[in-house]
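Hi everyone, thanks for making time.

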Amino acid sequence: MHHPQIFLVSLALISFTVLSHQPDKISLVAPITKDTNTSLHSITVNYAERYVIDLDAPFFWRYCQFPLSLIPCSSPQCSAGQSYLSPMCPSSKNKPKNGKCNCVVTPMNPITKACALANLASGYLIISMTNGINPTETINFGSFPISCAPQTLLQSLPKDAVGVAGLSQAPLALPAQLNASHRKLAKKFAFCLPSSEETKGVIFFGDVPIYFLPPAKIDLIGTLSYTPLLQHPKSPEYYIGLKSISINGKGSYFRRNIFQLDNSGNGGVKISTTVPYTMLRSDIYKIFVKDFSEAIGGIPRAMKRGPFEVCVNARRIGLSVIPFPQIDLELSNGKNWTIFKPNSIIDMGNSVGCLAFVDGGKKAKQAVVIGTYQMENQLMLFDLAASRLGFSSSLLFYKTTCGGFNFTRGT
């Protein structure tokens with residue numbers, strides 16, 4: 001474990017020394033790991049600290065074993081940290097103590113939804129630079145705002161996680177903070193979520209070509225399709241527009257505007273890294289499941305497993321042989337996000353496979369929440385400057401996976 005107080009003594013000097021020798025444009029890279037017990041993915045920074053990736057969280061938070069320099073109430077960072085407060089959290093009113101006023105924010109556990117009142121502090125972030133092929137040198141971002149949460153807030157997160165990495169569009173989230181700390185870093189990030197604990201995925205910050213092993217002949221950025229990111233009226237979360245869903249090219253019949261994000265922030269299609277399987281509001285789910293069931297025809301069925309309603313028994317021919325139908329999310333700008341078998345069917349063992357989509361309930365806040373299983377082994381690019389989402393098809397078609405980035409340090 002690296003001690004924050006050791007770094008804080010010379011953060012300004014270290015950061016200035018490193019940043020003053022950088023090229024005109026830089027990009028950053030860090031590994032991503034998957035915890036199969038929780039289905040959560042974490043980013044590793046500061047050499048060995050793991051933070052759960054949360055596209056909703058407005059800032060970085062961690063359990064602080066050692067005291068950090070606290071940020072005062074009058075700081076612009078304090079105003080930014082309090083700009084997005086969950087209605088489920090307690091009030092974060094700043095209260096002066098002994099003539100000093102330290103900023104108080106409300107970190108939230110993305111799984112249990114538990115909140116806590118916690119100080120906003122000045123920490124650090126150490127991460128590798130990259131040329132898109134390998135990591136190169138490391139870079140230290142000093143005076144990095146981070147909330148010191150109580151240890152109880154780590155409940156239900158992976159055992160090795162020390163906190164949560166907020167990747168939302170909020171001003172204190174990681175993308176905005178990295179851009180503010182280094183203007184040569186483009187305001188975009190891309191991640192590739194691994195499907196198992198045995199391989200490392202990867203996250204990139206900035207504008208960089210991306211090449212995976214085995215030696216790729218193409219920059220994977222060039223394989224992406226794009227759709228606009230929608231602005232939620234009350235939240236820094238990521239939403240996209242969806243017109244319909246089709247299965248094997250046959251469109252499902254939904255009522256008009258069923259996927260729409262309204263002016264109050266209800267409905268819509270959200271991208272999430274803390275929901276393991278795509279959730280559909282009940283009225284959408286019923287139609288989707290009915291149409292998918294019809295599309296798989298006479299394949300023998302199996303009993304429902306856990307939250308998965310549509311399951312098949314492939315004991316006679318093998319699960320890998322069954323040609324499951326492709327699912328197309330027909331996006332608002334006319335592009336299709338196609339979901340193939342590796343991201344739509346989950347192997348439950350004993351030759352049973354289930355449709356990896358779940359019922360979000362009748363009163364679900366969102367119409368659809370796209371979960372991590374549907375994004376694994378796909379490259380996802382969040383271009384915040386252009387307000388658009390880039391997405392690839394399954395990287396298996398390119399004979400690689402999210403474990404294909406070469407983390408051997410280059411030059």
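Predicted model: local features only at pLDDT ≥ 70, side-chain atom pairs only at ≥ 80, totals over all residues.

Okay, rings. A pair of aromatic rings is described by the distance of the centres and the angle of the planes. How many aromatic pairs do we have here? The count comes to 18.

Let's take Phe60 and Phe144, which make an edge-to-face pair, with 5.6 Å from centre to centre and 90 degrees between the planes. This one links distant parts of the chain, 84 residues apart. Phe60 sits in the loop between strand E3 (49-54) and strand E4 (61-63), while Phe144 belongs to strand E8, residues 135-149. And are these two buried or exposed? Phe60 and Phe144 are both buried.

Now look at Tyr277 and Tyr373. Their ring centres are 5.6 Å apart and the planes are at 50 degrees, so this pair counts as tilted. Where are they in the chain? Tyr277 is in the loop between strand E16 (269-271) and strand E17 (278-281), and Tyr373 is in the loop between strand E25 (368-370) and strand E26 (379-383), so the pair ties together parts that are 96 residues apart in sequence. Buried means under 20% relative accessible area. Tyr277 has 18% relative accessibility, so it counts as buried. Tyr373 counts as buried too, because its relative accessibility is 13%.

There's also a cluster: Phe189, Phe191, Phe205, Tyr238 and Phe382 form one aromatic group together.

Next, charges over rings. Lys200 lies over the face of Phe407, 5.9 Å from the ring centre. Arg388 does this with Tyr226, lying over its face at 3.7 Å from the ring centre.

Last stop, the sheet. Strands of a sheet pair through backbone hydrogen bonds, either parallel or antiparallel. Which is it here, parallel or antiparallel? Antiparallel: four strands make an open sheet, in the order E15-E14-E20-E21. Strand E15 (250-251) and strand E21 (336-339) are at the edges with a single partner strand each, so one side of each has no neighbour in the sheet. Strand E20, residues 327-331, pairs with E21 over four bridges, and Glu330 stands opposite Asn336 in E21.

So what packs on this sheet? Helix H5, residues 282-295, does, touching strand E14 (242-247) and E20. The direction of H5 makes about 25 degrees with that of E14.

Definitions and conventions: Residues numbered from 1 in each chain as written. Heavy atoms only, no water. Phe/Tyr/Trp six-rings, centres within 6.5 Å; stacked < 30°, edge-to-face > 60°. Helix = DSSP H or I, 4+ residues; strand = E, 2+ residues; numbered from the N terminus. Buried < 20%, exposed > 50% of the residue type's maximum accessible area, 1.4 Å probe, protein only. Lys NZ or Arg CZ within 6 Å of the ring centre and 35° of its normal. Pairing = 2+ DSSP bridges. Contact = heavy atoms within 4.5 Å. Axes fitted to C-alpha atoms, helices over the stretch in contact; angles between N-to-C directions.
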